[in-house]
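Here are a few notes to go with the structure, written as numbered points. Have the viewer open as you read, and take the points in any order you like.

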Amino acid sequence: MTYAIETDQLRKAFGDNVAVRGLTLQVAHGEVFGFLGPNGAGKTTSLKMLLGLVAPTSGSATLLGAPLGDRAVRAEIGFLPEHFRFHDWLTAQEFLTLHGRLYRMDASRLRGRISELLDLVGLAPFRDKRLRTFSKGMLQRIGLAQALLNNPRLVFLDEPTSGLDPVGRRLVRDIIHGLRERGTTVFLNSHLLSEVEVTCDRVAFIKHGEVLRVSDLKVLAAGATGVTLRVRGMTPETLVGLSRWGQEPRIDGDRVSLSIRDEAALPALTRYLVGQNVDVYGIAAQRLSLEDLFIQIVGTDGGL
Amino acid sequence: MAAFVIARLTFLEAVRRRIVLAAALLGLAFLILYATGFYFAQRDIAPIAPEGPGLGMLYRSGLVSGFTIMGLYAVNFLAIAMAVLATADTLSGEIGSGTIQALVSKPLRRSEIVLGKWLGLAELLGLYLLLMAGGAMLIAYLLSGYVVPNAFIGLGLIYLEVLLVMTVTLACSSTLSTLATGGVALGLFGLAFLGGWVEQFGALAHSQTAINLGIISSLIMPSEAIWHRASYEMTPALARSMGIDMAGPFITTSVPSLLMVAYRFLFLIAMLVFVVHRFSHRDL
């Protein structure tokens, strides 16, 4: 199976400073994929490597099946950079025309597409205003329109809702939903977990430039429960056997944690452990939000 | 081709950020001042010119050609300052602010961005030079009927010099910050300027060491030496033979060879290749 994005041990070091240690992940076609991690986890550098802005020190990656840097593939990609600044002496219309030309779109198709997108992001009345006069939220909107000009098959959004008010955030969410319906793959880098929770199919948690875990958010939305067990006498085979009830069982000393789909699975799970001669000293179950999961996986040190 | 889109963007930026307007207004002020100076110098020199039709004419033509070359030297200097100022921010500024990211992730080569910027700046500086040098030559013609010899060759050489300074600035701008770029580019220009004049005075004083120093400096940064060739081309043979005393200090005595002109051309190409390579391989 080919993936929209596939990376293998992608690494970037700036001198002694390792920004991304070894990123390995797969994003399927048509997926809305969230990229989460504390500040300085290497998210933006990872994104820059995928987009050809920064050359990886080692490792490899493919986008839409082609190796990094393939220009034909870049014509099918949209990108909204973080803290982006665009040429603010251009008008909204000129700005989109410039980027459309760089996508090699022909003039008549570009004209139609620009009107469509200005309507979509609510900037049609401002098409002849210079970007210098735009508010932060309006710039974010025009940046988003820029990323969608070419009807991309794969879109990278780096913090698309930063600087947006609730109305703007709702707009971005709706746009992402629209992209999903069209089968576009979206790679979303965001700090706003509540945003990610409602828009993404799967998320990767990264820290120090490594993927700690990839989680399916459908499980979370269906009421995933985090279970922590205090046990003795756990064998690796028994641990693997726990996967029958929940995802990603992990052991840390005498603590076993996993997330289960439904609380109703707890009695059967306990019977299984007892049957395997595991001594159970305690069971704690808790509904998980994405924020809980984030803290649980990434830790509270903020990646420092 | 994407390079032309970038070239247009670069030109448009200069217009929108009022660089063109500022340069045009200052250029116009320069031309007015120059015309006024030319007019009065010519009027006031007439009574003190030596007697007799032959010598008087000689004196006059020396003055007129000297004054014209002086004007063109000022134009040359302004065009170079313009080349540094308009170019210093062009890559470093876009890298610093991040505007480059949305460009580079599009389906184009990075070399097309560099070439586009080069073309846009070359167009801008060409127009500026044409306006200024053309204006100075026109003033000389209207006020005295003097036609600059080899005007096109001379202008072409000055343009080559301006392009060279612009390309060196672009090279700095692909690596250094805007401020450092301006500093280094002007510093190199200063070095070439000084070296050029050391060579000229060396030639007057018959000092081979001074001439060699000048040649070495123009190998490091060949901008000034081009001016000396250009001024040589644009000076009438008669004025050249009169030397520095009558025709003023802007007339060239040590003439850089055609080989040096070829060297400059290769220098420019090498610089351009360097910028493309540097910009294509750096992290943004």
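How many Å separate the centres of domain 1 of chain A and domain 2 of chain A, taken over C-alpha atoms?

1. Please keep in mind that this is a predicted model. The answer to the opening question is 39 Å between the two domain centres of chain A. Domain 1 of chain A covers 5-217, and domain 2 covers 225-287.

2. Let's turn to the sheet of chain A. Four strands make up an open sheet, in the order 12-13-11-14, with antiparallel pairing. Strand 12 (246-252) and strand 14 (279-287) of chain A are the edge strands; each has a single partner strand, so one side of each has no neighbour in the sheet. From one strand to the next, the twist averages 15°.

3. Now for the pairings in that sheet. Strand 11 (residues 225-232) of chain A is joined to strand 13 (residues 255-260) of chain A by six bridges in the antiparallel sense. Thr225(A) has Ile260(A) as its bridge partner, while Arg230(A) is partnered by Arg255(A). Strand 12 and strand 13 of chain A also run antiparallel, joined by five bridges. On that side, Asp252(A) stands opposite Arg255(A).

4. The turn between strand 12 and strand 13 of chain A deserves a look. The two strands form a hairpin with two residues between them. Gly253(A), in the turn, has a positive phi of about 65°.

5. A helix accompanies the sheet. Helix 10 (residues 266-275) of chain A lies across strand 11 and strand 14 of chain A, and runs at about 160° to strand 14.

6. Over in chain B, have a look at a helix pair. Helix 7 (residues 151-173) and helix 10 (residues 223-233) of chain B pack at about 170°, and their axes are 8 Å apart. Angles over 145 degrees count as roughly antiparallel, and these two helices of chain B are therefore described that way. Residues of helix 7 in this contact include Leu157(B), Leu160(B) and Leu164(B), and those of helix 10 include Ile226(B), Trp227(B) and Ala230(B). By class, the contact has nine nonpolar, two polar and three charged residues.

7. Finally, how many residues does each chain give to the contact between chain A and chain B? Chain B gives 19 residues and chain A gives 24 residues. On the chain B side, helix 1 (2-16) and helix 5 (99-104) are the elements that supply two or more residues. The residues on that side of chain B divide into nine nonpolar, five polar and five charged.

Terms used:
Residues numbered from 1 in each chain as written. Chains lettered and ligands numbered in written order. Predicted model: local features only at pLDDT ≥ 70, side-chain atom pairs only at ≥ 80, totals over all residues. Contact = placed C-beta atoms within 7 Å. Nonpolar A, V, L, I, M, F, W, Y, C, P; charged D, E, K, R; others polar. Pairing = 2+ DSSP bridges. Axes fitted to C-alpha atoms, helices over the stretch in contact; angles between N-to-C directions. Parallel < 35°, antiparallel > 145°, perpendicular 65-115°, else oblique. Domains from an automatic or database assignment.
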